Number of protein chains: 2
Amino acid sequence: MALQNTLKALADPIRREILNLLKEGSMSAGEITNYFDVTAASISRHLSVLKDADLIRDTRDGKYIIYELNASVLEEIMLWITELKGDGRND
Amino acid sequence: MALQNTLKALADPIRREILNLLKEGSMSAGEITNYFDVTAASISRHLSVLKDADLIRDTRDGKYIIYELNASVLEEIMLWITELKGDGRND
DNA sequence: TTAACATTTAACCTAAATGTTAATTGTATT
DNA sequence: AATACAATTAACATTTAGGTTAAATGTTAA
(Lines give C-alpha, C1' and ligand atoms only; values in the text may rest on other atoms or scores of the structure.)
Protein backbone atom coordinates (compact mmCIF):
# COMPACT_ATOMS: atom_id res chain seq x y z
CA MET A 1 0.00 0.00 0.00
CA ALA A 2 2.97 2.23 0.49
CA LEU A 3 3.87 2.14 -3.16
CA GLN A 4 0.29 3.00 -4.08
CA ASN A 5 0.27 6.02 -1.78
CA THR A 6 3.60 7.19 -3.04
CA LEU A 7 2.70 6.93 -6.70
CA LYS A 8 -0.65 8.62 -6.19
CA ALA A 9 1.06 11.44 -4.34
CA LEU A 10 3.54 11.87 -7.18
CA ALA A 11 0.84 11.85 -9.85
CA ASP A 12 0.06 15.51 -9.36
CA PRO A 13 2.21 18.30 -10.79
CA ILE A 14 1.78 20.64 -7.84
CA ARG A 15 2.87 17.98 -5.40
CA ARG A 16 5.90 17.14 -7.50
CA GLU A 17 6.81 20.80 -7.63
CA ILE A 18 6.49 21.04 -3.86
CA LEU A 19 8.96 18.20 -3.54
CA ASN A 20 11.31 19.98 -5.90
CA LEU A 21 11.07 23.13 -3.81
CA LEU A 22 11.77 21.24 -0.62
CA LYS A 23 14.78 19.66 -2.21
CA GLU A 24 16.44 23.07 -2.04
CA GLY A 25 15.63 23.41 1.63
CA SER A 26 12.87 23.24 4.20
CA MET A 27 10.19 25.90 4.20
CA SER A 28 6.90 26.79 5.81
CA ALA A 29 3.48 26.08 4.36
CA GLY A 30 3.02 29.76 3.67
CA GLU A 31 6.28 30.05 1.77
CA ILE A 32 5.36 27.02 -0.28
CA THR A 33 1.96 28.52 -1.02
CA ASN A 34 3.61 31.60 -2.49
CA TYR A 35 5.03 29.53 -5.31
CA PHE A 36 1.61 28.52 -6.59
CA ASP A 37 -1.57 30.05 -7.92
CA VAL A 38 -3.90 28.14 -5.65
CA THR A 39 -5.15 28.91 -2.17
CA ALA A 40 -3.36 28.04 1.05
CA ALA A 41 -6.12 25.57 1.83
CA SER A 42 -5.43 23.74 -1.39
CA ILE A 43 -1.71 23.60 -0.72
CA SER A 44 -2.42 22.41 2.78
CA ARG A 45 -4.31 19.43 1.41
CA HIS A 46 -1.50 18.67 -1.02
CA LEU A 47 0.90 18.76 1.90
CA SER A 48 -1.22 16.32 3.83
CA VAL A 49 -1.24 13.93 0.88
CA LEU A 50 2.54 14.13 0.67
CA LYS A 51 2.78 13.64 4.41
CA ASP A 52 0.52 10.59 4.35
CA ALA A 53 2.81 9.18 1.70
CA ASP A 54 5.71 9.95 4.02
CA LEU A 55 7.35 11.99 1.29
CA ILE A 56 7.62 14.99 3.58
CA ARG A 57 7.86 15.59 7.33
CA ASP A 58 6.68 18.58 9.30
CA THR A 59 7.70 20.27 12.51
CA ARG A 60 6.06 23.23 14.10
CA ASP A 61 8.23 26.26 14.72
CA GLY A 62 6.20 28.83 16.55
CA LYS A 63 3.28 29.73 14.40
CA TYR A 64 4.89 28.26 11.34
CA ILE A 65 4.88 24.68 10.26
CA ILE A 66 8.08 23.77 8.52
CA TYR A 67 8.10 21.10 5.86
CA GLU A 68 11.10 19.09 4.82
CA LEU A 69 11.63 16.50 2.13
CA ASN A 70 11.89 12.82 2.95
CA ALA A 71 13.14 11.24 -0.22
CA SER A 72 13.94 7.88 1.33
CA VAL A 73 10.56 6.36 0.48
CA LEU A 74 11.32 6.87 -3.19
CA GLU A 75 13.64 3.93 -2.86
CA GLU A 76 10.65 1.64 -3.06
CA ILE A 77 9.61 3.04 -6.42
CA MET A 78 13.14 2.72 -7.73
CA LEU A 79 13.11 -0.91 -6.68
CA TRP A 80 9.77 -1.61 -8.29
CA ILE A 81 10.84 -0.01 -11.54
CA THR A 82 14.15 -1.79 -11.51
CA GLU A 83 12.38 -5.11 -11.15
CA LEU A 84 9.99 -4.24 -13.93
CA LYS A 85 12.82 -3.36 -16.22
CA GLY A 86 14.34 -6.76 -15.64
CA ASP A 87 16.97 -7.51 -13.08
CA GLY A 88 19.79 -6.88 -15.48
CA ARG A 89 20.90 -3.37 -16.16
CA ASN A 90 20.76 -2.51 -19.80
CA ASP A 91 21.80 1.14 -19.96
CA MET B 1 4.04 16.12 -20.21
CA ALA B 2 5.44 12.64 -20.42
CA LEU B 3 6.36 12.28 -16.78
CA GLN B 4 2.86 13.29 -15.77
CA ASN B 5 1.28 10.69 -18.04
CA THR B 6 3.62 8.01 -16.85
CA LEU B 7 3.05 8.66 -13.17
CA LYS B 8 -0.70 8.84 -13.58
CA ALA B 9 -0.67 5.58 -15.46
CA LEU B 10 1.35 3.95 -12.69
CA ALA B 11 -0.92 5.31 -9.96
CA ASP B 12 -3.41 2.50 -10.42
CA PRO B 13 -2.90 -0.99 -9.01
CA ILE B 14 -4.51 -2.79 -11.94
CA ARG B 15 -2.29 -1.00 -14.42
CA ARG B 16 0.81 -1.79 -12.39
CA GLU B 17 -0.24 -5.41 -12.24
CA ILE B 18 -0.71 -5.44 -16.00
CA LEU B 19 2.84 -4.20 -16.41
CA ASN B 20 4.06 -6.92 -14.07
CA LEU B 21 2.25 -9.53 -16.15
CA LEU B 22 3.72 -8.21 -19.37
CA LYS B 23 7.15 -8.35 -17.84
CA GLU B 24 6.89 -12.14 -18.04
CA GLY B 25 5.95 -11.98 -21.69
CA SER B 26 3.56 -10.47 -24.21
CA MET B 27 -0.07 -11.45 -24.15
CA SER B 28 -3.42 -10.61 -25.67
CA ALA B 29 -6.00 -8.30 -24.16
CA GLY B 30 -8.20 -11.29 -23.44
CA GLU B 31 -5.47 -13.15 -21.62
CA ILE B 32 -4.71 -10.08 -19.55
CA THR B 33 -8.39 -9.72 -18.72
CA ASN B 34 -8.44 -13.24 -17.27
CA TYR B 35 -6.13 -12.15 -14.50
CA PHE B 36 -8.57 -9.59 -13.16
CA ASP B 37 -12.05 -9.35 -11.71
CA VAL B 38 -13.19 -6.53 -13.95
CA THR B 39 -14.73 -6.57 -17.40
CA ALA B 40 -12.84 -6.67 -20.67
CA ALA B 41 -14.03 -3.14 -21.38
CA SER B 42 -12.46 -1.90 -18.21
CA ILE B 43 -9.17 -3.62 -18.95
CA SER B 44 -9.27 -2.23 -22.46
CA ARG B 45 -9.40 1.28 -21.09
CA HIS B 46 -6.55 0.57 -18.71
CA LEU B 47 -4.57 -0.70 -21.66
CA SER B 48 -5.23 2.49 -23.58
CA VAL B 49 -4.02 4.57 -20.64
CA LEU B 50 -0.83 2.52 -20.52
CA LYS B 51 -0.45 2.85 -24.26
CA ASP B 52 -0.91 6.62 -24.17
CA ALA B 53 1.84 6.70 -21.57
CA ASP B 54 3.92 4.60 -23.95
CA LEU B 55 4.39 2.00 -21.23
CA ILE B 56 3.11 -0.72 -23.54
CA ARG B 57 2.93 -1.34 -27.28
CA ASP B 58 0.38 -3.35 -29.20
CA THR B 59 0.34 -5.30 -32.42
CA ARG B 60 -2.57 -7.07 -33.97
CA ASP B 61 -2.20 -10.76 -34.63
CA GLY B 62 -5.30 -11.97 -36.42
CA LYS B 63 -8.24 -11.33 -34.18
CA TYR B 64 -6.03 -10.86 -31.16
CA ILE B 65 -4.23 -7.74 -30.10
CA ILE B 66 -0.96 -8.54 -28.42
CA TYR B 67 0.45 -6.24 -25.80
CA GLU B 68 4.06 -5.97 -24.80
CA LEU B 69 5.88 -4.02 -22.15
CA ASN B 70 7.88 -0.94 -22.99
CA ALA B 71 9.83 -0.22 -19.84
CA SER B 72 12.14 2.30 -21.45
CA VAL B 73 9.99 5.29 -20.53
CA LEU B 74 10.47 4.45 -16.87
CA GLU B 75 13.93 5.86 -17.28
CA GLU B 76 12.49 9.32 -17.02
CA ILE B 77 10.97 8.60 -13.63
CA MET B 78 14.22 7.11 -12.41
CA LEU B 79 15.97 10.26 -13.47
CA TRP B 80 13.46 12.55 -11.80
CA ILE B 81 13.68 10.59 -8.56
CA THR B 82 17.43 10.49 -8.69
CA GLU B 83 17.54 14.24 -9.03
CA LEU B 84 15.12 14.66 -6.18
CA LYS B 85 17.23 12.49 -3.97
CA GLY B 86 20.15 14.74 -4.66
CA ASP B 87 22.28 12.14 -6.37
CA GLY B 88 22.02 14.00 -9.62
CA ARG B 89 22.11 17.62 -10.62
CA ASN B 90 19.52 20.33 -10.21
CA ASP B 91 17.15 21.52 -12.91
C1' DT C 1 -7.51 38.32 27.36
C1' DT C 2 -7.82 39.92 22.85
C1' DA C 3 -6.06 40.56 18.32
C1' DA C 4 -3.44 39.07 14.51
C1' DC C 5 -1.32 35.67 11.90
C1' DA C 6 -0.31 30.73 10.05
C1' DT C 7 -2.29 26.74 8.97
C1' DT C 8 -5.67 23.23 8.79
C1' DT C 9 -10.35 21.38 8.45
C1' DA C 10 -15.22 21.49 6.87
C1' DA C 11 -18.67 22.07 3.46
C1' DC C 12 -19.49 22.36 -1.05
C1' DC C 13 -18.82 22.24 -6.24
C1' DT C 14 -16.99 20.55 -10.51
C1' DA C 15 -14.12 17.69 -13.24
C1' DA C 16 -11.79 13.43 -13.89
C1' DA C 17 -11.26 8.42 -13.16
C1' DT C 18 -13.16 3.85 -13.02
C1' DG C 19 -16.60 0.53 -13.45
C1' DT C 20 -20.77 -1.50 -15.95
C1' DT C 21 -23.64 -2.90 -20.06
C1' DA C 22 -24.62 -2.38 -24.82
C1' DA C 23 -23.25 -1.24 -29.36
C1' DT C 24 -19.48 -1.15 -32.76
C1' DT C 25 -15.34 -2.49 -35.24
C1' DG C 26 -12.18 -5.82 -37.09
C1' DT C 27 -10.92 -10.53 -38.26
C1' DA C 28 -11.53 -15.44 -39.10
C1' DT C 29 -14.36 -19.31 -40.36
C1' DT C 30 -17.96 -21.70 -42.61
C1' DA D 1 -22.61 -13.45 -47.13
C1' DA D 2 -23.41 -14.79 -42.32
C1' DT D 3 -21.90 -16.03 -37.89
C1' DA D 4 -18.75 -16.09 -34.15
C1' DC D 5 -15.10 -14.26 -31.63
C1' DA D 6 -11.72 -10.50 -29.80
C1' DA D 7 -11.41 -6.12 -28.54
C1' DT D 8 -12.64 -1.32 -28.38
C1' DT D 9 -15.79 2.54 -27.96
C1' DA D 10 -20.11 4.79 -26.34
C1' DA D 11 -23.29 5.97 -22.86
C1' DC D 12 -24.11 6.12 -18.29
C1' DA D 13 -23.54 5.74 -12.97
C1' DT D 14 -20.59 6.16 -9.09
C1' DT D 15 -16.45 7.42 -6.76
C1' DT D 16 -12.48 10.12 -6.08
C1' DA D 17 -9.58 14.30 -6.57
C1' DG D 18 -8.77 18.99 -6.48
C1' DG D 19 -10.38 23.64 -6.17
C1' DT D 20 -12.89 27.44 -3.44
C1' DT D 21 -14.66 30.03 0.67
C1' DA D 22 -15.57 30.07 5.43
C1' DA D 23 -14.95 28.36 9.99
C1' DA D 24 -11.81 26.29 13.34
C1' DT D 25 -7.32 25.53 15.56
C1' DG D 26 -2.80 26.82 17.30
C1' DT D 27 0.61 30.29 18.45
C1' DT D 28 2.57 34.87 19.32
C1' DA D 29 2.39 39.20 21.06
C1' DA D 30 0.06 43.59 22.63
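## Surface near DNA strand C

Sorted by class, the surface near DNA strand C holds 10 nonpolar, eight polar and six charged residues, where Ala, Val, Leu, Ile, Met, Phe, Trp, Tyr, Cys and Pro count as nonpolar, Asp, Glu, Lys and Arg as charged, and the others, Gly among them, as polar. This is a predicted model, in which local features need pLDDT of at least 70 and side-chain atom pairs count only at pLDDT 80 or more, while totals for chains, interfaces and linings use all residues. Residues are numbered from 1 along each chain as its sequence is written, and chains are lettered from A and ligands numbered from 1 in the order in which they are written.

DNA strand C is surrounded by 24 residues, the closest being Ser28(A), Gly30(A), Ala41(A), Ser44(A) and Ala41(B); a residue is near if its C-beta atom, placed from the backbone, lies within 6 Å. Two or more residues each come from α3 (29-34), α4 (40-52) and β3 of chain A and from α4 (40-52) of chain B, with helices (H or I, at least four residues) and strands (E, at least two) taken as DSSP runs numbered from the N terminus. The largest share, six residues, belongs to α4(A).

## Strands of chain A

Strand β3 (residues 64-69) pairs in the antiparallel sense with β1 (residues 27-28) over two bridges, pairing being assigned if DSSP finds at least two bridges between the strands; here Ser28(A) stands opposite Ile66(A). Six bridges join β3(A) to the antiparallel β2 (residues 56-61), and Arg57(A) stands opposite Glu68(A). In the hairpin of β2(A) and β3(A), two residues lie between the strands, and Gly62(A) in the turn has a positive phi of about 65°.
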